[in-house]
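Subject: Structure for you to look at

Hello,

Here is the structure I said I would pass on. Please open it first and keep it on screen while you read the notes below.

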Amino acid sequence: MSEYLWNYQPTSGHTPDADLTGYKVEAVDGHIGKVDKHSDEVGAQYFVVDTGVWIFGKTVLLPAGTVDRVDHDERNIHVSRTKDEIKAAPEFDKDKHLGDPAYRDQLGGHYGSGH
């Protein structure tokens with residue numbers, strides 16, 4: 001599994017001091033939700049997206065390596081995955097999965113390196 005999946009790409013526009021909470025998240029084919037939580041821990045960077053009604057209130061965890069671009073002016077994060085890819089990701093439970101290496105491996109297998 002590529003460690004790059006769990007780090008923001010240098011070209012993404014992400015800055016370590018940025019609070020991404022509340023940013024809108026856009027898949028390649030449309031809006032998926034808003035950032036509920038994020039981690040800037042090196043090698044374990046991710047963000048949790050509240051999908052609202054899109055997937056019936058489900059939350060999803062996206063590795064930072066899925067980010068194509070962060071637009072701080074518009075408060076948007078653009079990811080390099082489709083809505084279907086995100087919807088099909090392993091179910092996320094913040095009480096069980098945050099910091100769980102097995103879940104991280106499962107997500108890594110689902111999302112791969114992306115490029």
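How many nonpolar, polar and charged residues are there in the lining of the largest pocket? Before the answer, please note that this is a predicted model. The lining has eight nonpolar, three polar and three charged residues.

The pocket

The volume of the largest pocket is about 200 Å³. It is lined by 14 residues, and those closest to its centre are A44, Y46, G99, D100 and R104. Helix α3, which covers residues 101-111, supplies the largest share of the lining, with four residues. As background, empty space of this kind is found by rolling a probe the size of a water molecule over the atoms.

The sheet

Six strands make up an open sheet with mixed pairing, and their order is β4-β3-β2-β1-β6-β5. The edges are taken by β4 (59-63) and β5 (67-71). Each of these has a single partner strand, so one side of each has no neighbour in the sheet. Between neighbouring strands the average turn is 35°, with direction ignored. In general, the strands of a sheet pair through backbone hydrogen bonds, and they do so either parallel or antiparallel.

Both arrangements can be found here if you go through the pairs:

- β3 (residues 46-50) and β4 run antiparallel and are joined by five bridges. D50 has T59 in β4 as its bridge partner.
- β1 (residues 24-27) and β6 (residues 76-79) run parallel, with three bridges between them. Here K24 has N76 in β6 as its bridge partner.
- β5 and β6 run antiparallel and are joined by four bridges. V67 stands opposite V79 in β6.

The last two strands, β5 and β6, also form a hairpin, with four residues between them. In that turn, R75 has a positive phi of about 55°.

Is β4, then, largely enclosed or left open by the rest of the structure? Four of its five residues are buried, so β4 is largely enclosed by the rest of the structure.

The aromatic pair

The count of aromatic pairs comes to one. Its members are F92 and Y103, whose ring centres are 5.9 Å apart.

D105 has a relative accessible area of 53%, and because exposed means over 50%, it counts as exposed. Along the chain, D105 and D17 are 88 residues apart, and their C-alpha atoms are separated by 27 Å.

Regards

Note on methods:
Residues are numbered from 1 along each chain as its sequence is written. This is a predicted model: local features need pLDDT of at least 70, side-chain atom pairs count only at pLDDT 80 or more; totals for chains, interfaces and linings use all residues. Side-chain values use heavy atoms; hydrogens and water are left out. On a 1 Å grid over the protein atoms alone, a cavity is a set of points where a 1.4 Å probe fits but cannot get out, and a pocket is an open set with protein on both sides within 12 Å along at least five of seven lines; lining residues have an atom within 4 Å of a point. Grid points are joined across faces, edges and corners, and a volume is the space filled by probe spheres set on the points. Ala, Val, Leu, Ile, Met, Phe, Trp, Tyr, Cys and Pro count as nonpolar, Asp, Glu, Lys and Arg as charged, and the others, Gly among them, as polar. Buried means under 20% relative accessible area, exposed over 50%, partly exposed in between (1.4 Å probe, protein chains only). Two strands pair if DSSP finds at least two bridges between them. Axes are lines fitted to C-alpha atoms, for helices over the stretch in contact, and angles run from 0 to 180 degrees between N-to-C directions. Rings of Phe, Tyr and Trp (its six-membered ring) pair if their centres lie within 6.5 Å; planes under 30 degrees apart count as stacked, over 60 as edge-to-face and the rest as tilted.
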